[in-house]
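This briefing is meant for a reader who is meeting the structure for the first time. Please look over the sequence and the structure before reading the notes that follow.

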Amino acid sequence: MSVEEFPLYVPMGEDRLCAVLAAPEGEMHDLGVVLLTGGNYTRVHRNRMWVRVARALAERGFPSIRVDYHGVGDSTGRARFDMEIPFDSDALAAADFLQRATGVTRLVMLATCFGGRNAVVAAAKHPDAVAATVFPMPVLVPRDRGPLPLRSRVRRWLKGRTLGRKLLRRPSIRRIRTRAHAHRDQPAMIVSPKLKEALKAFLPRGTVRFVYGELSDSLVEIRHCLDEVLPRLAEAERRNVRLDVVEGADLHRFQSLEEQDIVVDRAVGSVLDTFRSLEARAPHPAGRPA
Amino acid sequence: MRLDRGFLAEHASHTNEGILERALHLEVGGERCFSVLYLPDEPREPGFAVCHSYGLELLTIRRTERAVARALAGAGHPVISFHGRGYGDSTGDLAAQGLDRHVEDLRAAADRLRAEAGVQRLGLFGARFGGLVAGTAAREGGVDRLVLVNPATSGPAYFGQLLREMRLVQMSLQSGGPRRSMTDLLDQLDREGVLDVLGYAVHRGLYRDLEGVDLTADLGAFAGPALLLHVAKRPGPPKDLLALAERIGQAGGECEVAFVREPPGAVFGSAAFVSTNDPMARVDVSEPMVEEIASRTVAWMGA
């Protein structure tokens with residue numbers, strides 16, 4: 001199926017978000033996709049990953065929109081990113097625009113990094129969102145806002161250095177840290193309350209798929225997050241969460257063509273899975289097999 | 001489900017501080033090149049085309065290119081920025097994108113600018129790899145002005161730097177990463193036709209095309225005024241920038257070399273949003289640098 005693309009500006013208050021809407025040339029499925037990035041990447045994502053995803057989806061009949069946040073890329077405005085202040089307004093504006101331009105009534109949010117936080121919060125707020133697929137994103141925030149405690153700053157400094165990382169991996173150091181942790185009343189970092197709140201709001205009506213690399217440092221963080229969120233959910237809601245761990249991959253900085261291929265395949269696959277499961281539950285009159 | 005084409009067309013442009021910004025596709029060699037036109041109400045000569053950089057810098061330098069484009073348009077100069085074939089939002093195969101095609105895409109963008117804005121004369125803006133493409137196009141003539149920011153002046157030096165950065169990153173990886181010499185890497189490029197440089201493909205065709213490009217030795221027909229901006233932590237332009245300025249001077253062109261200081265935490269061509277004192281926030285540390293590049297460009301145009 002041929003793909004059409006439309007460069008455009010999505011209105012969001014006084015700002016205009018530069019975006020590209022991709023759509024199949026013929027009939028399309030009733031499922032649209034909003035592609036979100038971390039703050040430092042523009043809408044195309046590293047090495048055009050989101051361009052490839054958008055075109056692959058359009059070839060299979062799914063429209064999508066990839067968008068620059070305000071203050072980023074070709075958009076207007078100024079940006080300041082804060083992990084606890086997601087850019088969900090940007091994601092919601094893009095989602096509404098996609099619906100208005102294509103007529104789709106169901107939406108999937110697809111995101112990496114900081115975009116993952118935006119995707120989950122936007123999915124919780126948008127009544128037509130049915131799924132979110134999130135590649136590694138920041139999950140932990142400081143318990144108390146302000147400078148990190150000394151121990152966290154030291155760990156952060158060490159993690160940024162090869163020798164430091166080796167040191168932190170030494171069994172003796174791990175044992176000392178575990179013992180110290182056991183004596184501590186409260187950890188310095190906690191799972192983002194906003195993220196937990198958004199997950200709890202969205203999971204009763206939509207699915208969230210986390211796709212992490214086995215080697216990703218943040219895998220432990222998302223597991224920690226799910227350990228906190230899942231026990232508070234009903235059985236049916238728990239089934240709406242899925243954590244896919246890709247063996248031998250990092251999937252964090254996307255610094256190899258091979259890892260990018262994995263991200264593209266998984267992203268497209270997650271949308272196809274969502275569509276199939278929606279169709280299995282209640283086939284849409286205009287739907288065609290993907 | 002049907003596309004509302006009228007609605008899409010309505011949103012292909014907007015007016016930002018009195019400047020019409022229009023996003024569009026250029027047709028070049030059967031492919032679509034994503035472009036943005038910045039059209040002031042009363043356009044004045046010359047118009048400018050923005051040449052983008054390579055790899056991750058296509059994304060990170062966009063912040064600067066956008067600021068310069070808006071500032072030039074604010075001063076009355078129409079501007080077009082675009083993604084070449086195989087880059088960004090454009091279609092096409094990067095593997096087929098030799099140096100000639102980079103220049104061809106630039107010419108197509110310049111023609112569109114002339115047609116839309118009614119300007120005749122052309123200036124080029126380029127940073128890093130974009131500077132190399134702008135300089136290469138200027139060699140062939142038809143370019144009145146050049147504004148280059150930390151330009152790569154030679155192909156081998158530019159790609160050599162990319163490969164060195166890749167080796168540094170790989171050495172810092174937890175696993176240790178593969179440690180290969182430059183010769184090994186170039187042999188692989190020769191053998192396999194492509195090299196994965198931190199998630200960006202460097203293709204043999206472009207590498208070979210750029211092997212012979214050295215703007216400090218040959219700027220061909222270009223003899224127009226030029227502004228060379230050296231963005232760094234400390235003043236003192238690198239030798240190749242001074243040699244380029246000298247080359248332009250020898251051809252009879254006026255060349256100004258100016259220094260723009262990188263603010264703390266900012267590195268030109270790297271990520272703009274970085275964490276500072278607050279670990280949860282990412283602020284745009286590049287903003288003062290970007291604004292200075294834009295304002296110096298406009299001031300130089302007005303001088």
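What percentage of the 290 residues in chain A do buried residues make up? In this predicted model, buried residues account for 49% of the 290 residues in chain A.

**Confidence**
- For the complex, the predictor reports an ipTM of 0.93 together with a pTM of 0.90.
- The average pLDDT of chain B is 92, and 97% of the residues in chain B score at least 70.
- Where pLDDT is low, the predicted coordinates should not be read in detail.

**Overall form of chain A**
- Chain A contains ten helices and eleven strands, and its C-alpha atoms fill a box of roughly 60 × 45 × 35 Å along the principal axes.
- The radius of gyration of chain A is 20 Å, which agrees with a compact globule, because a globule with 290 residues would have a value near 19 Å.
- Of the contacts in chain A with a separation of 6 or more, 71% are between residues 24 or more positions apart.

- A:Gly103 sits in the loop of chain A between α2 (88-102) and β6 (107-111).
- Because 16 other C-beta atoms lie within 10 Å, A:Gly103 counts as partly exposed, a class that falls between the 20 or more of a buried residue and the 12 or fewer of an exposed one.
- Although A:Gly103 and A:Asp30 are 73 residues apart along the chain, their C-alpha atoms are separated by 7.8 Å.
- When neighbours within four places in sequence are left aside, A:Gly103 is in contact with B:Met1 and B:Arg2.

Terms used:
Residues are numbered from 1 along each chain as its sequence is written. Chains are lettered from A and ligands numbered from 1 in the order in which they are written. This is a predicted model: local features need pLDDT of at least 70, side-chain atom pairs count only at pLDDT 80 or more; totals for chains, interfaces and linings use all residues. pLDDT is the predictor's confidence in each residue, from 0 to 100. Helices (H or I, at least four residues) and strands (E, at least two) are DSSP runs, numbered from the N terminus. Two residues are in contact if their C-beta atoms, placed from the backbone, lie within 7 Å. The radius of gyration is taken over C-alpha atoms; the globule rule is 2.2 Å times the number of residues to the power 0.38.
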